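Here's a quick briefing to read with the structure open beside you.

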Amino acid sequence: MKRLSLTGRLTAVVVGGQLLLAVGLVLVGITFARRQLLAAFDMSLQGKARAIAALVYYPPDGEPGLLFDNDEAPPSFDALYPDVYQVKSSAPQFEAHSKNFDSAFLAAEPARQDYWNFSWKGVPYRGLILRNVAIRDEETGPTDTDVAVDVFYAAPTLDITRRADEVGLMVGGASLLLLILTGLLAAWAVRRGLWPLRDLAGEAAAISVKNWDFRPPKDALETSELAPLAQAIETVLSKLELAFVQQREFLADAAHELKTSVAILKSTFQSLLQKPRSPHEYRAGLLDLLGDVDRLEELLNRMLRLARAEQQAADGGSNTLEVADLASTCEMAVARIKSLAAARGVEVQLASNGGGEVNADADDLELVWVNLLENAIQHSPPSSMVRLQVQREANGASISVQDWGTGIDPEDLPYIFERFRRGDRSRSRETGGFGLGLAIAKAIVEAYGGNIQAESTLHEGTRVWVRLPLSRQAEPKSSPVTSPETS
Amino acid sequence: MRVLVIEDERRLAENVARSLKENASWVVDIALDGVNGLHLAGSVAYDLIVLDLMLPKLDGLELLRRYRQEGHKTPVLVLTARYEKQSIVTLLNAGADDYLAKPFDLGEFLARAKALVRRAKGQPTPMLVVGDLEVNTVERTVRRSGRDLTLTPMEYRVLEYLAHRPRAVVSKTELLEHLYDYNWEKFSNVIEVYISGLRRKIDDGAPMKLIHTMRGQGYALRAGEAKR
């Protein structure tokens with residue numbers, strides 16, 4: 001594919017425009033100069049015609065007739081092609097003319113009395129006829145008996161054409177010079193103007209997975225056309241970097257968890273084999289190993305569940321036709337968490353006003369509530385309470401899990417829904433978790449078009465709530481009776 | 001020898017501790033988070049610290065930096081799940097003496113642990129020799145003049161500790177600190193029992209005594225001096 005050059009295009013546009021302008025200027029210049037020159041020429045033509053008339057005089061002794069002083073004729077415009085003139089009157093019969101006068105001049109123009117152009121012997125001429133110019137006697141002044149003459153005067157216009165052409169040439173030459181200059185200037189200016197773009201491209205090309213550092217060149221940011229591009233690149237890169245770093249951290253964390261699990265298994269095997277042991281010791285060791293394998297299996301299951309939920313959320317959410325009853329999924333979750341709650345001496349309370357129905361897989365929802373409850377119970381002191389509340393709201397349902405436990409450090413709060421969250425590793429280890437429960441809950445809720453949030457006060461407790469859109473088929477139930485249920 | 005294992009994965013910590021107890025006769029304390037680990041490391045005289053990197057409350061690398069800043073010289077063996085070059089360089093520069101990538105081999109772990117401890121005490125090989133006494137820390141056997149001696153585990157621990165630092169005077173408190181876990185005060189007079197047992201097995205009938213009691217100061221294992 002042939003690439004278009006911005007520099008070439010812009011320069012061509014500028015130069016082309018200038019060329020048109022120059023041609024116009026030359027034409028206007030020539031026309032204008034010609035008109036001016038012609039006006040001056042006409043004036044002088046008339047002046048010369050009158051001068052010719054002035055050379056006609058009466059004979060000094062009062063004789064009839066007229067005389068003409070040939071020697072006093074005004075100088076010609078052009079030495080090569082002398083001017084032509086004729087002066088004549090009908091009464092008395094009088095005629096005088098220049099040497100080169102030819103009666104053919106006037107044969108075609110018997111009635112003319114103005115300027116006109118004609119060609120004679122291949123030379124362009126402009127002529128003038130003044131009619132009825134009165135010849136005065138210098139001594140007597142104007143009288144009724146003054147004779148009137150017709151004067152014809154013509155001169156070659158070669159000079160006018162030449163001078164108009166000179167003007168045209170000058171204007172044209174200057175324009176051409178200007179054209180070349182502007183062309184060069186335009187090309188340079190465009191190139192110079194595009195420098196920031198090249199810098200920007202260079203900077204952007206230096207980005208790699210190892211180097212996310214993108215600093216838009218100052219020139220690019222100060223160029224109003226480029227600033228949006230530079231900022232867009234910056235924004236996209238920072239988003240990409242965030243996603244990339246998150247992915248890499250997830251991978252590192254996942255690797256860490258898996259390696260740790262394998263390290264436990266391996267070290268248990270090796271320490272069991274390091275010396276001969278009694279059957280009882282071997283049995284205890286095998287039970288330990290079974291526990292280690294269970295833990296590894298649980299880790300794998302959770303990682304896969306998280307990956308599936310995140311994939312679903314990334315694919316634009318679920319469009320399942322299944323309908324799950326919120327209240328019953330909550331009851332199932334409470335039943336499932338019973339043994340853990342009992343082991344930690346925590347009471348789980350369920351409060352529901354019916355909730356409603358949601359377009360979701362019931363098992364998925366149950367897993368969300370179980371994960372939230374598990375988290376709450378892990379953070380609760382013995383003989384405290386965890387409350388699961390289902391509420392119907394104007395445009396959906398709200399499900400909240402509240403505990404009165406250790407709370408979450410405000411520093412850690414923004415990260416609690418992240419995978420393998422680190423702020424809370426000790427507790428999650430103690431209870432056999434991996435820091436994946438809340439991340440899974442978030443991914444599932446988002447896959448069903450809902451959202452999840454948390455608020456917490458350190459040493460006072462935490463509340464996590466989920467908002468889910470209700471199923472469209474669901475009919476509104478009018479049973480606002482709260483039925484607390486404990487387990 | 002006394003070792004501190006700082007590892008948040010309880011099962012792994014227990015396996016490491018068990019292996020050190022069974023195969024090196026060492027005393028092991030376990031810390032499950034960084035804060036507790038740093039506290040223990042600073043308050044007890046350990047011969048070796050085994051440190052995991054990803055720890056709750058206080059990161060392993062930060063713990064290492066602070067520990068070294070406080071001026072402690074105890075060797076630190078780091079267990080890490082990551083082994084990119086950069087992180088290992090960072091680790092060693094922060095004051096780690098060695099590292100092992102998870103999952104690791106327990107045999108290799110033990111060999112490295114023993115090597116770190118003997119190097120810290122100036123011993124180049126696992127065979128400790130004082131005069132004609134040989135203590136093999138790999139097999140955990142003791143010979144004098146080519147004759148095998150049979151020691152109880154506690155006697156061996158005392159001898160091994162003394163043999164790592166020949167000629168030095170080791171106080172009873174130091175022995176107790178390095179050979180017992182938390183409640184060593186209540187064992188305060190057992191050391192004398194072990195020393196007398198050792199003396200009977202090693203020095204009785206030998207032309208040169210190796211175990212010396214420095215009154216009011218402690219004990220020393222040394223050769224090449226005239227009999228007292």
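**Starting with one helix**

Helix 1 of chain B is 15 residues long and spans 20 Å from its first C-alpha to its last, close to the 21 Å expected at 1.5 Å a residue. Keep in mind that this is a predicted model.

**Helix 1 of chain B up close**

- Which residues of helix 1 of chain B are buried? They are B:Arg11, B:Leu12, B:Ala13, B:Asn15, B:Val16, B:Ala17, B:Ser19, B:Leu20 and B:Ala24.
- Within chain B, these buried residues pack against strand 1 (2–6), strand 2 (27–31), strand 3 (48–52) and helix 5 (106–120). On the chain A side, they pack against helix 5 (227–273) and helix 6.
- An α-helix has 3.6 residues a turn, so residues three or four places apart point the same way.
- Just past the end of helix 1 of chain B, B:Ser25 has a positive phi of about 55°.

**The sheet in chain B**

- Chain B has an open sheet of five strands, ordered 2-1-3-4-5 and paired in parallel.
- Strand 2 and strand 5 (98–101) of chain B are at the edges, and each has a single partner strand, so one side of each has no neighbour in the sheet.
- From one strand to the next, the twist averages 20°.
- Strand 1 and strand 2 of chain B run parallel and are joined by five bridges. In strand 2 of chain B, B:Ile30 is the residue opposite B:Val5.
- Helix 3 (residues 60–69) of chain B lies across strand 3 and strand 4 (76–80) of chain B, and runs at about 150° to strand 3.

- Helix 6 (residues 153–164) and helix 7 (residues 172–179) of chain B have axes that come within 11 Å and cross at roughly 115°. The crossing is right-handed.
- Who makes the contact? Helix 6 of chain B supplies B:Arg157, B:Val158 and B:Tyr161, while helix 7 of chain B supplies B:Leu175, B:His178 and B:Leu179.
- Sorted by class, that contact between helix 6 and helix 7 of chain B has four nonpolar residues, one polar and one charged.

**Where the two chains meet**

- How many residues does each chain put into the contact? Chain B gives 22 residues and chain A gives 19 residues.

**Chain A at a glance**

- Chain A has 10 helices and 15 strands, and 27% of its 487 residues count as buried.
- Taking contacts in chain A between residues at least 6 apart in sequence, 69% link residues at least 24 apart.
- A:Gly316 sits in the loop between helix 6 (279–314) and strand 8 (324–325) of chain A. Is A:Gly316 buried or exposed? It is exposed, because 9 other C-beta atoms lie within 10 Å, and a residue counts as exposed at 12 or fewer.
- A:Gly316 and A:Glu446 are 130 residues apart along the chain, and their C-alpha atoms are separated by 9.3 Å.

Note on methods. Residues are numbered from 1 along each chain as its sequence is written. Chains are lettered from A and ligands numbered from 1 in the order in which they are written. This is a predicted model: local features need pLDDT of at least 70, side-chain atom pairs count only at pLDDT 80 or more; totals for chains, interfaces and linings use all residues. Two residues are in contact if their C-beta atoms, placed from the backbone, lie within 7 Å. Helices (H or I, at least four residues) and strands (E, at least two) are DSSP runs, numbered from the N terminus. A residue is buried if 20 or more other C-beta atoms lie within 10 Å of its own, exposed if 12 or fewer, and partly exposed in between; C-beta atoms are placed from the backbone. The expected span of a helix is 1.5 Å times one less than its number of residues. Two strands pair if DSSP finds at least two bridges between them. Axes are lines fitted to C-alpha atoms, for helices over the stretch in contact, and angles run from 0 to 180 degrees between N-to-C directions. A crossing is left-handed if the near helix is turned anticlockwise from the far one by less than a right angle, and right-handed if clockwise. Ala, Val, Leu, Ile, Met, Phe, Trp, Tyr, Cys and Pro count as nonpolar, Asp, Glu, Lys and Arg as charged, and the others, Gly among them, as polar.
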